[in-house]
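User: I'm new to this one. Can you walk me through its charged side-chain pairs?
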Amino acid sequence: MGKNNQQIPVQKYKLRETLMAYAFMAPALILIIIFVIGPIIASISFAFTDYYLLKPKEISFSGLENFKYIAEDKMVLTAFANTFKFVVMVLPLQIGTALGLALLVNRENKFNTFFKISFFSPVVVSLVVMSILWMVLLNPGSGLLNAMLQAFGIPKQPFLSSPKQAMPTIVFVSAWQGAGYQMMIFLAGLKTIPASLYEAASIDGATAWTKFRYITLPSLQNTTVFILITTLIGAFKLIIQPMVMTSGGPKNSTLTIVYYIYQTGVRYRNVGYAASIGLLFTAVVMVIILFQRKLVRED
Amino acid sequence: MTMALKYVKTTVYYVMLFILSFLFLFPLLWMVANSFKPNEMLFSQLNSYKAFLLPFNLPITQWFDAYRQVFERFNLFKGIGNSIMYGSIVVVCNVLVNSMAAYALAKFHFPGKKIILSIIIFILIVPMETGIVPLFVIVNSLHLVNTIPGLLAPAIGNVFNIFLFRQFFMNLPGELEEAALIDGAGRFRIFFAIIIPLSKPIIATIAILTFIGSWNDFLWPVLIFTDNGKMPLQVILNVLNNTDPVYTNQVMAGLTISTIPIILVYAFFQKYIVEGISHTGIK
């Protein structure tokens, strides 16, 4: 008896409210289960099969066969290496540019809106438009960029047509496109730092660098962690730029892992194998994100 | 002396910012300016400042030649119409479906809430691009390949937007709802009559970001459509860039048509976009 009496007030959930909650969530949940969670589960299960897009009925369990094949597939290694190369180059360039721009624009000035719109404009341009546009600008023979370089006395560069320069070029173009977005997030972070901190530091005779090092940077820590993680995730997904600009070449120098998965699954219809590379890749990305969070936390 | 120094500093600051602005804008300026020029002029002006200027020495009737030609050669009207239609449907459904889910997750107590929230966070960090082929397999088994629902349905339930809506709803004061509940109003009425009108800023933000995302989408339509008549503008632009003979001025005209509406949307609704981005950052 006494036990029952106690349980009634402790009971947290009301049936009506629960039903209502699920009614509100139903459309989104159903769509997400089918089109988001569905593919995640399908990826995991396909990874252990020989599923082939044109022969869905002949699917059979193949254990770790796909993963053994990954270990021997040189293209996987190349694609992983290219992806890491891209991430390692684009992360500091893009985030550094974004922080620099944010610091410059954070001051009161007459043309602030114009500057912000200029830096942010490339963000809203689609990846396809931006890739086609830069392809034209970077054309080794008749592109604007080589014409500009020559005006400064710098010899013509091969850019996307050279295995050495293609990936750095894509890094540069991607940072150009994306930095405005992170700049906006940094700006939002900068706005939350109380001006009194800087005033107090000025009275104590702190230099601009000291203020930046001991006030701005520590106050931006949460913002920076957020930007690091989101930019990292975004960078790992690189596909449209190489797909449109280089088709992964020259000599596979811009073949990224997501692009290779796409090719394997779509062009070669080898869904099982594509899924197994995807699974491996997702695991690697998640480990890196967790590791990065831990590193930043311990700092 | 200090006055002079300050003056120099300010000048350097502005010059630097204008140079940086140019670095970010010059590809777009060049794109727009050269979409109004004949191809020969485009290439002959490459090493002159005129590359960035409109062709003022040409009669204005000739400015739109590249546009006329590109519209004749490719079905851009259809592509624009398709993109506007897809974007509008996705925006309306997306806002409705995700705001409702977010409202329940923000304001209701129910079993399973914690699990759903952690699944949402998990999905946020999974690189979904790797799942595009399995998604195709699922859409195929639902017989939705080469259909508009097949294109749009996967874009509607969006964990990121649920996340943004939820942040906003959690900060709404609860008094109005409580008063309405006491008056006997149902939850759906409260949501549509009280919460939605209070949420215009976040709705605007999500609507704009979703529209831009839908307008710019490329991978999924390429994969799911075989019928050229259904292709959105981005896919047609890629065709335009790969169909011989490729005329650079026509390509620039196509890119400009795709970009100008988006830049206008951005310039008009700048405030909402910035707000949306700030929300995501501060978390």
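User: How do the side chains of Lys107(B) and Glu177(B) meet?
Analyst: In this predicted model, they form a salt bridge at 3.3 Å, N to O. The term means a side-chain nitrogen of Lys or Arg within 4 Å of a carboxyl oxygen of Asp or Glu.
User: Where do the two lie?
Analyst: Lys107(B) is in helix 4 (residues 76-107) of chain B and Glu177(B) in helix 9 (residues 175-182) of chain B, so the pair ties together parts that are 70 residues apart in sequence. Helices here are DSSP runs (H or I, at least four residues), numbered from the N terminus.
User: Is Glu177(B) buried or exposed?
Analyst: Glu177(B) is buried, at 7% relative accessible area, while Lys107(B) is partly exposed at 21%. Buried means under 20% relative accessible area, exposed over 50%, and partly exposed in between (1.4 Å probe, protein chains only).
User: How many salt bridges are there over all chains?
Analyst: The search of the whole structure gives five. One of them pairs Arg187(B) with Glu17(A) at 3.8 Å, N to O. Arg187(B) lies in helix 10 (residues 187-198) of chain B and Glu17(A) in helix 2 (residues 15-46) of chain A, so this pair joins two chains. Both Arg187(B) and Glu17(A) are buried.
User: And what about Lys230(B) and Asp227(B)?
Analyst: Their side chains also meet in a salt bridge, 3.5 Å from N to O. Lys230(B) is partly exposed at 21% relative accessible area, and Asp227(B) is partly exposed at 32%.
User: Which residues and atoms count?
Analyst: Local features need pLDDT of at least 70, side-chain atom pairs count only at pLDDT 80 or more, and totals for chains, interfaces and linings use all residues. Side-chain values use heavy atoms, without hydrogens and water; residues are numbered from 1 along each chain as its sequence is written, and chains are lettered from A and ligands numbered from 1 in the order in which they are written.
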